[in-house]
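Hello,

Here is the structure I promised to pass on. Please have a look at it first, and then read my notes below.

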Amino acid sequence: MQTQELEKIASQVRRDILRMVHGCQSGHPGGSLGCTDLLVELFFNAMILKTDSSGNVVFQMDGEGEDVFYLSNGHISPLIYSVLARRGYFAVSELASFRKINTRLQGHPTPHEHLEGIRIASGSLGQGLSVAIGTAQAKKLSKDNSLVYCLMGDGEQNEGQVWEAAMYAPHHQVDNLITFIDVNGQQIDGPTDKVMNNRDLGEKYKAFGWEVLHMAGNDAADVQQTIASAKKLSGQGAPIMVLMQTEMGAGVDFMMGSHKWHGVAPNDQQLADALAQLTETLGDY
Amino acid sequence: MAQYTFETKKDTRSGFGAGMEYLSLNSPKVVALCADLIGSLKLEAFIKNSPERFFQTGIAEANMIGIAAGLAVGGYIPFATTFANFGTGRVYDQIRQSVAYSGKNVKIACSHAGLTLGEDGATHQILEDIGLMKMLPGMVVINPCDYNQTKAATIAVADYEGPVYLRFGRPVVPVFTPENQTFEIGKAIHLMEGADVSIFATGHLVWESILAAEILKENGIHADVINIHTIKPLDTDSVLKSVVKTGCVVSAEEHQYNGGLGDSIAQFLAVTKPTPMEFVGVNDSFGESGKPAELMEKYGLNAASIVEKAMKAISRK
């Protein structure tokens, strides 16, 4: 798919995110907006997904014969919900139930409510990479050549389990795994270098044995090219890490460049101001 | 003459190893993970038979639980193995989010549970693991009593779809249950018939309960002895049937009072049939170094203690 088409989808997804968070006055818009271009590229272009004879996506828990995506930083749930709905896994109208009582769209994603497209619960940080590695190893055992993708946050790199997984994947040559870190430099209490300095994540992952790529995460063309390069590096003995520079709040000028919008919902006026900057391309839910 | 006898003593962890050896040959979807304790978990035969289905995680238990969950998504039946302390308490949140809440078909299989780990001391002697695991919605918790039963339980949990905590231990204990038995999850086993007191035991305390019942019998007291190998789901029908007959209860386990088998039984009886009850277990303390038998005696986890508690329960009828 052309990047122009993907950008149109991304604009709608960003509208969905803002409206969902506004609708329940809770949730995490900042990181969701920052990672929108990545998830749109993955689900609408890069990933091979199981479809029926009409070309509609079909959810299968085991992901056999298709690429599998894991969201480790589960707080950007509005983004994954919007992308899954827009891709056709469940009705777009269901987005209105986000974080409300009896919803399948829990505050953080879970398969507990049987939401199509979600295979593991995430929210308690640092666990998704391990799960992604496990599924990648399952694919190898089953001689399934499809890939596993995983997204983590940069604040999430504070968690010790991430580094257990970082050590394990190269040791076991898990080379059917492409992982992204959303490097937006922000976490709840402030800039990552003030809260807990990650220092040079690229050098760290290289030292652990990963192939490391860099990507401009809010540039649709660069996202597409870098993921294509990452796919070419798969199957060569090492897991692949893509460090993705993004802007928290990308797409809405007054939400960018600060951790303020990490976990705060816009009020009515702020929502109107934000939506004025994003074209409604596919119809609001 | 004693109703139960034995020819050999073996460790329950070796029963687990034998079960895994069976699964390596008969269940191609079973995979095993271990955090640098292959010898302690008796996984050598599994690894020899199916090396491609074994994953060494190093000393990184949190990652091991996550990888197990990911393998389960991919259609495999992972057994994540280590010592009980490191496989439950250390990784509680990983089990909670990635396994239990996510509903993954992961078996957490742990050795060296309880005081009978011995000399290593309290850092390694977890006495809270049954409680931690049974509190998780949907988690099955099993603590078999001897080698044969542990082997059978290992094979049975592989066939069960859903998260399971399988607990076993290090010391050699009498092998008195049948070889090649069928293990039914959630179905208690009635070992001795009696109408004076119900003794509900799990794990290593089952044999001690049999010994206690023999001592009681010499004093004209007949105990109803029941092996509760599955703590969750609790076989409430068996519990109630016995209690209706006896009118008083002793629970026996190598675990804290809080969160253990006795706690589950007391909770059930409190709402169905309030009954005098006594507990054999560790009462809100950590363990310490020592020989297994010395520790079991010091902390009151043996036949003598069960006899004493039985007399007390009967006196409260």
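Predicted model: local features only at pLDDT ≥ 70, side-chain atom pairs only at ≥ 80, totals over all residues.

**What I found**

Residues are numbered from 1 along each chain as its sequence is written, while chains are lettered from A and ligands numbered from 1 in the order in which they are written.

**The two domains of chain B**

Where they meet, 27 residues of domain 1 of chain B are in contact with 31 residues of domain 2 of chain B; two residues are in contact if their C-beta atoms, placed from the backbone, lie within 7 Å. On the domain 1 side, two or more residues each come from helix 7 (129-134), strand 6 (140-142), helix 8 and strand 8 (172-174) of chain B. Helices (H or I, at least four residues) and strands (E, at least two) are DSSP runs, numbered from the N terminus. By class, that side of domain 1 of chain B has 14 nonpolar, 9 polar and 4 charged residues. Here Ala, Val, Leu, Ile, Met, Phe, Trp, Tyr, Cys and Pro count as nonpolar, Asp, Glu, Lys and Arg as charged, and the others, Gly among them, as polar.

Helix 8 (residues 147-159) of chain B deserves a look of its own. Its 13 residues should span 18 Å at 1.5 Å a residue, and its end C-alpha atoms are 19 Å apart, which agrees; the expected span is 1.5 Å times one less than the number of residues. Helix 8 of chain B is largely enclosed by the rest of the structure, because 12 of its 13 residues are buried. A residue is buried if 20 or more other C-beta atoms lie within 10 Å of its own, exposed if 12 or fewer, and partly exposed in between, with C-beta atoms placed from the backbone. Among the buried residues of this helix are B:Asn148, B:Gln149 and B:Lys151, as well as B:Ile155 and B:Val157.

**Chain by chain**

Chain A has 10 helices and 7 strands. The C-alpha atoms of chain A fill a box of roughly 50 × 50 × 35 Å along the principal axes. Buried residues make up 52% of chain A.

Chain B comes to 13 helices and 14 strands. With 317 residues, a compact globule would have a radius of gyration near 20 Å, and the 19 Å of chain B agrees. Its C-alpha box is roughly 55 × 40 × 35 Å along the principal axes, and 61% of its residues count as buried. Of the contacts in chain B between residues at least 6 apart in sequence, 81% join residues at least 24 apart.

**Where the chains meet**

The contact between the chains takes 26 residues from chain A and 23 residues from chain B. Helix 5 (128-141) and helix 6 (160-171) of chain A each supply at least two residues on the chain A side, and helix 5 of chain A gives the largest share, 10 residues. The chain A side divides into 11 nonpolar, 11 polar and 4 charged residues.

A:Glu211 lies in strand 6 (residues 211-216) of chain A and counts as buried because it has 20 C-beta neighbours inside 10 Å. B:Ile38, in helix 2 (residues 38-41) of chain B, is partly exposed, with 17 other C-beta atoms within 10 Å.

Best wishes

Methods:
Rg over C-alpha atoms; globule rule 2.2 N^0.38 Å.
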